[in-house]
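Please open the structure in your viewer and keep the selection panel at hand.

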Amino acid sequence: MASVPAASVTPVSDFADWRDYFALLKPRVMTLVVFTGLCGLLAAPGHIHPVIGFTAVLCIAVAAGASGALNMWYEADLDARMKRTANRPIPAGRIDPASAFGFAVSLAIGAVAVMALAVNLVAAALLTISILFYVFVYTVWLKRRTPQNIVIGGAAGAFPPVIGWAAVTGDVTALPVLLFGLIFLWTPPHFWSLALFVRGDYANAGVPMLPVTHGARVTRNQILAYTPLLVGVSLVPWAMRLTGAIYGVTAAALGVVFMALAVAVFRNDATDPAAMRPERRLFAFSILYLFVMFGALVADRWLLA
């Protein structure tokens, strides 16, 4: 793995406090990761001791934070060139790259080790794969090379519910695979809607996001193309009778709203970020969508069991 270019960050001027190290973990992203991992655990058949269950979710959270910190370490030069990321701890000079790297690697190794020793080897193996995929496949290989970075790299964020499920059952069956597919297909419209109204940042940083390399129209077309796939996959667990009515009705209702917002994005021809209200609405709704979908999955499991 390449080191961070020395010229990409501001010289460290003072000692970092705990808030800077916490910021390295990308806490907002971690929230969604932890939630989907917890839901995968709660939706799994069988029972798990509450302490072991808490440990499993904690390991998922720590591993996600470690992955985020490694991402920030490797991309400090990019972050320094983007307005929305320039104040992150490394480019702002509050944490030196070596300290961030050591912190992240220690967390990653610790999370996998605890998962293996306290939970089970299947969950630990999946956790390892998720870290390696996010760091090496998405961050190192794809992010700077191809506009398909989000499409392929989306697999990294799709692992948590599978890991949570495996923590309980020790295996992976059809439902967690479908949940993986749900997040995998959700990722492109979610991130591309954001990329449309912050594409200036990506362009300045030289990141080949789809709106930068192929323009807004192609990006909007792709959002519209992925959304029916997302909605279709979201309904498969209900069609296969792996879930009940609470999940099924929720998936259908939210799918209609998601599709309507995607159509609004498709119909918008604005190039000025200030005029991209449909894109902002889709991005905001996409976050709510995933929280509600996985909440409905758990409600389905516990209320209809």
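## First stop: Ala 205

Ala 205 touches Leu 78, Arg 81 and Met 82, with residues up to four places away in sequence left out of the count; a contact is a pair of heavy atoms within 4.5 Å. The model is a predicted one, in which local features need pLDDT of at least 70, side-chain atom pairs count only at pLDDT 80 or more, and totals for chains, interfaces and linings use all residues. Residues are numbered from 1 along each chain as its sequence is written, and side-chain values use heavy atoms, with hydrogens and water left out.

Ala 205 belongs to helix 10 (residues 199–205). Helices are DSSP runs of H or I with at least four residues, strands are runs of E with at least two, and both are numbered from the N terminus. Ala 205 counts as buried because its relative accessibility is 3%. Buried means under 20% relative accessible area, exposed means over 50%, and partly exposed lies in between, with a 1.4 Å probe and protein chains only.

## The whole chain

Of the 305 residues, 51% are buried. Among contacts with a separation of 6 or more, 77% join residues 24 or more positions apart.

Colour the charged side chains next. The protein chain has 20 positive and 13 negative side chains, and the centres of the two sets lie 8 Å apart. Here Lys and Arg count as positive and Asp and Glu as negative, while His and the chain ends are not counted. Each charge is placed at NZ of Lys, CZ of Arg, CG of Asp or CD of Glu.

Select Asp 20, which is found in helix 1. Is Asp 20 buried or exposed? Asp 20 is buried, because its relative accessible area is 10%. Leaving aside neighbours within four places in sequence, the contacts of Asp 20 are Pro 89, Arg 94 and Ile 95.

Move on to Lys 26, in the loop between helix 1 (18–24) and helix 2 (27–43). The phi of Lys 26 is near 50°, a positive value in a residue other than glycine. At 14% relative accessibility, Lys 26 counts as buried.

Select helix 2, which has 17 residues and reaches 24 Å from its first C-alpha to its last, close to the 24 Å expected at 1.5 Å a residue. The expected span is 1.5 Å times one less than the number of residues. The buried residues of helix 2 include Met 30, Leu 32, Val 33 and Thr 36. Which helices do the buried residues of helix 2 pack against? They pack against helix 3, helix 8 (160–169), helix 9 (174–197) and helix 14 (277–303).

Helix 3 (residues 50–74) is the next selection; its 25 residues should span 36 Å, and its end C-alpha atoms are 36 Å apart, which agrees. Helix 3 is mostly covered, with 19 of its 25 residues buried.

Select Ala 174 in helix 9. Ala 174 is partly exposed, with a relative accessible area of 36%. Ala 174 and Pro 237 are 63 residues apart in sequence, and their C-alpha atoms are 8.6 Å apart in space.

Arg 241 lies in the loop between helix 12 (215–239) and helix 13 (245–267). The phi of Arg 241 is near 60°, a positive value in a residue other than glycine. Arg 241 counts as exposed because its relative accessibility is 76%.

Finish at Ala 275, in the loop between helix 13 and helix 14. At 39% relative accessibility, Ala 275 counts as partly exposed. Leaving aside neighbours within four places in sequence, Ala 275 is in contact with Asn 268 and Ala 270.
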